[in-house]
Each structure stands twice: as structure tokens, then as C-alpha cells.
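Dear colleague,

I am passing on a structure that you have not worked with before. Please open it first; my notes follow below.

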Amino acid sequence: MSEHPYPPPRINHRGPVSTLIGTETSYTRTLSEYDIYAFAGISGDNHPNHCDEEYARRVGLGGRVAQGSMMVGYVSGAVTKYLDWAGRPAVSYGYDRVRFTKPVRIGDTLTVHYRIVRADDAKKRLWADATLTNQRGETVCVCTHIIHFQE
């Protein structure tokens, strides 16, 4: 079995964006208590579902859960990794069909699987399926991400 360099070498893509269909990356991170409080401070989302263990248990959540918008932020980490690899100026054009399918808890290790599934060469856009799974292989978040290339 051959070794693959990590991170993979930048390709400096310049052709039709449709040639990127099927390319993919991943991003992994373990959620800490600090992450929840730091994100609450940055975003203003300090709802007791995220920051008050007793409240979250009392309302049936089984304990504190991470902010959903933080999960979208993890997808953004995968996007950054992907764009670094592609080596082509681009911006995020948005997220569609975002769903939070299971709670994410402190100590969960999340992996974003990010795969390009669709392209529009005329508009220079790509669509990617993003799936976040926890350390047990359970899907906790799904969405579609859109990239718009600048050139």
C-alpha cells in the first residue's frame, strides 16, 4: 500500500469546475466544554440548552448540547481545507438543507465528510454534500454547501 502525503499537494485548479466532481476531504475535531462557552461568547447563543447542564437535563435533552451553528462552522473547516487543496480563489456561497439529526455533546469527536457532487461550469459553482458523524459513526448533521469560484 502506498503512502499518501498529508495534506495532499495543492493542485492549483484552473479548468472547468466540473472536473472537481467526486473530490473530497474531511476534518476532525473533538468538542470541548471550552468550545461551547467560547462559541456562546462569540455568537451570543448562550441558551441554557448549551450552557446549563441542569436545565438541559430537566427539559429532556439529557445534558448540554452543542450549538447547531457551531456544526456548520465545522463544515467551514472542511471547506477551508478543500479550498487550500484546490488552490483557486473562491468564496462560500451558502448552505442549504442544514439538519441537526442527533445531539452533539462535550467529548464527542466529530468528523466532517465533504464531497463535491454537482457543478455549474458557467457560474463557476460547486455543490458539496457535508455529513458530520460522531465517534460512534452516528450522523449528527448534514447539509449541502455551495462554493463560488472567483476566477
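By class, how many nonpolar, polar and charged residues does the lining of the second largest pocket have? Before the count, please note that this is a predicted model. The lining has eight nonpolar residues, four polar ones and one charged one.

The space in this second largest pocket comes to about 150 Å³. A total of 13 residues line the pocket, and those closest to its centre are Val-65, Ala-66, Gln-67, Gly-68 and Phe-100. Two helices, H2 (48-51) and H4 (68-86), each contribute at least two residues to the lining.

Strand E4 covers residues 125-133, and seven of its nine residues are buried, so the strand is mostly covered. E4 pairs with strand E3 (residues 109-120) in the antiparallel sense, over nine bridges. In this pairing, Leu-126 of E4 has Ala-119 opposite. The hairpin of E3 and E4 has four residues between the strands, and Lys-124 takes a positive phi there, near 60°.

E4 is also joined to strand E5 (residues 139-149) by nine bridges, and these two strands run antiparallel. Here Leu-132 stands opposite Cys-141 of E5. Between the strands of the E4 and E5 hairpin there are five residues, and in this hairpin Gly-137 has a positive phi near 80°.

Regards

Conventions. Residues are numbered from 1 along each chain as its sequence is written. This is a predicted model: local features need pLDDT of at least 70, side-chain atom pairs count only at pLDDT 80 or more; totals for chains, interfaces and linings use all residues. Side-chain values use heavy atoms; hydrogens and water are left out. On a 1 Å grid over the protein atoms alone, a cavity is a set of points where a 1.4 Å probe fits but cannot get out, and a pocket is an open set with protein on both sides within 12 Å along at least five of seven lines; lining residues have an atom within 4 Å of a point. Grid points are joined across faces, edges and corners, and a volume is the space filled by probe spheres set on the points. Ala, Val, Leu, Ile, Met, Phe, Trp, Tyr, Cys and Pro count as nonpolar, Asp, Glu, Lys and Arg as charged, and the others, Gly among them, as polar. Buried means under 20% relative accessible area, exposed over 50%, partly exposed in between (1.4 Å probe, protein chains only). Two strands pair if DSSP finds at least two bridges between them.
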